[in-house]
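Trainee: Hi! I'm new to this one. Could you walk me through it?
Mentor: Happy to, here it is.

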Amino acid sequence: QFTDTTRTNYGAVDSWSWNFGDATTLADTSKIQNPQWKYPAPGNVTVTFIVTNSKGCKDTVQRTITILDKPLITLAFKDTLICVTDPVQLMASGNGVFSWTPLTNITGANTSNPTVSPTTTTWYKVNLNDNGCVNNDSVRVRVVSAVTLQAIPDTVICQGDNIQLGAVTDGLQFSWTPAGNLNNPNILNPIATTNNTTTYQVTARIGSCTATDNVVVTTIPYPIANAG
């Protein structure tokens, strides 16, 4: 936004001529008193302003102005899932002054890494101000009151065979027991090597919310072949 502050002791100012110094175009001029111009890139530009008055007087002024780029915001994540009332720390980085909204259930709203504990799914918006240049981004915090979990149906396998366990869930962390026969008890779909009928229990977690389900793997021995 450019603002004319010209004063004249005689007559009245009757024309304005702006050249915004934008080297990317020849259309960077204006004849209105208080124009606006949007620069396509950061850098230093020289603005020329010419005025005349009704007595035929003319004056010119030039100013070099610095066009700053919007500050870069980097978010550690754009979406996360928490259990109701659990806190989560939002994480942003960049140069400038941070401000987050909304201001409900938030601690450190003017820092890069505030802690929030919303009771319902909420979009948090962050503004980053670097010397008057403002950029913004947002992150969604999804809130659940319980974990959904359904393990695979009970199944029968041959003794000593492998089976892939699994479940349908919105959980974020998992734990299977007994862990001794599993290749990794802390993933959603571990491989179990089962020699005896075993009840496997899975616990899914989102923060302080948990859910548990079982799957029974029944083993039967391989048949004994005798060709006689």
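Trainee: What volume does the largest pocket have?
Mentor: The largest pocket has a volume of about 370 Å³. A pocket is an open set of points on a 1 Å grid over the protein atoms alone, where a 1.4 Å probe fits, with protein on both sides within 12 Å along at least five of seven lines; its volume is the space filled by probe spheres set on the points. This is a predicted model, where local features need pLDDT of at least 70 and side-chain atom pairs count only at pLDDT 80 or more, while totals for chains, interfaces and linings use all residues. Residues are numbered from 1 along each chain as its sequence is written, and side-chain values use heavy atoms, with hydrogens and water left out.

Trainee: Which residues are closest to the pocket's centre?
Mentor: D4, T6, F49, V51 and V61, out of 21 lining residues, which have an atom within 4 Å of a point.

Trainee: And which strand gives the largest share of the lining?
Mentor: Strand 4, with 6 residues; strands here are DSSP runs (E, at least two residues).

Trainee: New topic: in what order do the 4 strands of the open sheet come?
Mentor: The order is 2-1-3-4, with antiparallel pairing; two strands pair if DSSP finds at least two bridges between them.
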